[in-house]
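Let's take a walk through this one from the inside out.

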Amino acid sequence: MKAAVFKALGQPLVVETLPDPTPRPDQVVVKVAGCGVCGSDLKLTESPVLGLKPDFVLGHEYAGEVVEVGNGVKRIHLGDHVAVFPVWGCGHCPACLSGSPAWCSRMRVDGGGYGQYSLTTERQCIKLPPNLPLEYAALVEPLAVGLHGIELAKPSAGSSALVIGCGPIGLTTAFWALRFGAGRVAMTARSNRRADLANNLGAIFVEPGDNLLARVQGALGGQPEIVYECVGVPGILAMAIEQVKPEGLIIIQGACTEPDSIVPFGIVAKEARIQGAVFYRIQDFEHSANVMEDNVDLLRTMVTDEIKLDDLPQVFEQLRHRTHQCKVIVRPND
């Protein structure tokens, strides 16, 4: 099979021919229909902090068709359409049994979606609802990320929220915030190129620039009770602290791997709370797939590019510079 392989930090991915995967007794082989390029993939290939090993096949936002199953696999069958939960756990500890393998002592984050075929376990396969187009089911993963952030925030009905960042995680967070009954949701970003996407979801896009604090308050009728930081670069956490109302909550969903500076008194003076959000439960994944079935036309507007595997290395390098693309989906078997 062909796959785009990581070689070294800061270097382009390389499309290579690898052996076809063979399942062990608890494993299945998925023919990848589509895999989203995630901002965390970019950071993994740039930052030594994250420890990515050479010859790894990235791609954790993927879905496809089951084409081979190992002995003993019972719940998943040939031909099933599945989205793959990208966090592996032992399957036996309390964290795994509760649906949260991210907190398993043996956890790992799996890739594989940048290949024509991927090997995964039966318990990581989430069956897709029948009317969800397989070609867009890669969006289930970022949708689950957004859902997890909202669940951690526990917003009350009618609450106000600001989402900083209009990438896929920011957009899915706004989507869920509105579904959970937020009174008003504002979004802002470093540019206005995704303003239409924000507005299509029902959020209020606030143009970047001077007097942002006053303009966000004007859009929401006051300071936001919850601020979702969905960018992950230095300076954004300080912006979130400035924006949040006294006794408010900041959810950090952006994965900043660089040193950052804040003035702690800004948090103390407001008695604000800060909560990190990175993983999600298997139940979040399943719920996201079911909700996406009824909202696929809305959510697929995030997809700005659909590319072939051979084009991935070049597009991946372009994305390092944070181009106009929102969500790029790779079609490894096209």
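Which residues does Val185 touch, leaving out those up to four places away in sequence? Bear in mind that you're looking at a predicted model. The list for Val185 runs Ala161, Val163, Ala174, Ala177, Leu178, Ala203, Ile204 and Leu220.

Now zoom out a bit. Val185 is a member of the largest nonpolar core, which has 58 residues. Along with Leu128, Val140, Met187, Tyr228, Phe285 and Met292, Val185 is among those touching the most other members.

Next stop, Thr45. You'll find Thr45 in the loop that runs between helix H1 (39–44) and strand S4 (61–69). Is Thr45 buried or exposed? Its relative accessibility is 0%, so Thr45 counts as buried. Beyond residues up to four places away in sequence, Thr45 touches Phe6, Ala8, Leu9, Gly10, Leu52, Leu58, Phe316 and Arg320. With Arg320 there's also a side-chain to side-chain polar contact of 3.0 Å.

The largest cavity has a volume of about 30 Å³, and its lining consists of Leu171, Leu197, Leu201, Leu299, Thr301 and Met302. Sorted by class, that lining comes out as 5 nonpolar residues, 1 polar and no charged ones.

How values were computed:
Residues are numbered from 1 along each chain as its sequence is written. This is a predicted model: local features need pLDDT of at least 70, side-chain atom pairs count only at pLDDT 80 or more; totals for chains, interfaces and linings use all residues. Side-chain values use heavy atoms; hydrogens and water are left out. A nonpolar core is a set of buried Ala, Val, Leu, Ile, Met, Phe, Trp, Tyr and Cys residues joined through side-chain atoms within 4.5 Å. Buried means under 20% relative accessible area, exposed over 50%, partly exposed in between (1.4 Å probe, protein chains only). Contact means heavy atoms within 4.5 Å. Helices (H or I, at least four residues) and strands (E, at least two) are DSSP runs, numbered from the N terminus. A polar contact is a pair of N or O atoms within 3.5 Å; within protein, one must be able to donate a hydrogen and the other to accept it, and residues adjacent in sequence count only if both atoms are side-chain atoms. On a 1 Å grid over the protein atoms alone, a cavity is a set of points where a 1.4 Å probe fits but cannot get out, and a pocket is an open set with protein on both sides within 12 Å along at least five of seven lines; lining residues have an atom within 4 Å of a point. Grid points are joined across faces, edges and corners, and a volume is the space filled by probe spheres set on the points. Ala, Val, Leu, Ile, Met, Phe, Trp, Tyr, Cys and Pro count as nonpolar, Asp, Glu, Lys and Arg as charged, and the others, Gly among them, as polar.
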